[in-house]
Amino acid sequence: MTLESRKYSLDFVRALAIILILLAHLPDYGFLFLGQLSPYFGKLGVGLFLFISGYLTCLKNTSFQSTNEILKFYKKRAYRIYPLYLTALLVFFVLYGLLLPAFGHNSGMDFSSENMIIHILNLQILLSPEFARPLLTLFFIGLIGIYYLIYPFLIKFSHNPKGFLFTSMALFFIFVFLRYFFNIVDDVFFYYYFTFISGILFCFFSSDTYDKNFLKYSLAIPVILMFAIAMESTGGLSYPAMDFTFFNILNFVYLNIVIISFCLIQVEISNIYFDQFSQGTKEFVKNIAFSSFAVFLFHRPILTVFDGISVILG
């Protein structure tokens with residue numbers, strides 16, 4: 001499969017990601033039978049989005065030769081993300097910050113002027129927990145924003161996969177330093193950092209040079225995944241506290257093994273079976289994938305409105 005075909009086959013993974021996100025949030029709106037699986041759906045869905053983001057970002061941006069190229073990279077992503085994001089932010093403010101409180105409902109989200117300004121600047125993950133309280137769902141835009149921010153530096157100072165891995169680890173510990181000495185950088189940045197990095201590494205290893213070795217070692221992924229699930233606590237894919245106790249470090253490792261292994265399996269499945277689907281099925285899945293970003297941003301307000309209507313109608 002060519003790299004271009006591989007890129008389009010990832011539409012199936014994006015479609016699966018948004019379906020998992022919806023399944024994770026439906027218990028909040030009356031679909032209680034999904035409640036026990038919700039922790040898995042949400043974390044795996046977000047993980048898929050970030051893995052694919054890392055992969056596609058690397059596929060389209062393999063090097064940065066100048067500051068202008070880096071600025072062009074930032075500008076392109078801002079144009080693609082910001083219009084819908086700011087629209088979603090306005091919808092959240094009107095619905096959860098104005099309308100629901102007027103009817104006596106508290107969403108638990110912080111719509112103070114300071115927090116809203118931080119969200120407009122998309123700094124909610126970088127400045128949390130000291131200065132910001134990320135809004136439900138919209139935290140993702142702040143998260144992917146940081147990953148996009150550091151991506152050019154990861155690539156510019158890495159000449160091969162080993163160098164990239166070293167640079168990414170160095171950056172990780174820089175952010176750990178910021179968290180423990182300045183109380184900034186939200187926990188979620190650390191939970192999914194290596195998932196985004198894995199997507200980039202997968203792009204490296206998917207080239208003709210690495211493809212055969214990767215396929216050979218990828219046979220171990222299902223075994224690693226099953227081992228991690230068996231070792232995981234019974235509470236589902238729990239987010240560990242960000243400290244250096246042995247138990248939480250172990251949970252952090254398990255969380256990443258499960259999410260990254262799941263992503264690798266789904267991507268390989270999509271690559272293997274992509275050409276076997278009918279053109280109509282491909283177009284249907286492509287439309288779901290194309291709309292996934294908008295669905296991600298607006299599904300909570302839509303579900304909230306429908307849930308409110310159903311309550312009113314009895």
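These legends walk you through close-up views of a predicted model.

Local features need pLDDT of at least 70 and side-chain atom pairs count only at pLDDT 80 or more, while totals for chains, interfaces and linings use all residues. Residues are numbered from 1 along each chain as its sequence is written, and side-chain values use heavy atoms, with hydrogens and water left out.

**View 1. The largest pocket and its lining.** About 770 Å³ of space lies here. A pocket is an open set of points on a 1 Å grid over the protein atoms alone, with protein on both sides within 12 Å along at least five of seven lines; lining residues have an atom within 4 Å of a point. The volume is the space filled by probe spheres (1.4 Å probe) set on the points. Of the 24 lining residues, R14, L56, R80, A289 and F293 lie nearest the centre of the pocket. Two or more lining residues come from each of α1 (3–9), α2 (11–25), α3 (38–60), α4 (67–102), α6 (139–156) and α12 (279–313). Helices are DSSP runs (H or I, at least four residues), numbered from the N terminus.

**View 2. Helix α5, residues 113–120.** Look for N115, M116, I118 and H119, which are buried (under 20% relative accessible area, 1.4 Å probe, protein chains only). They fall within an arc of 160° seen down the helix axis, so they line one face of α5; the arc is that of the directions from the axis to the C-beta atoms. These buried residues pack against α4, with contact meaning heavy atoms within 4.5 Å. The face turned away carries E114 and I117, both exposed (over 50%). Just after α5, N122 takes a positive phi of about 60°.
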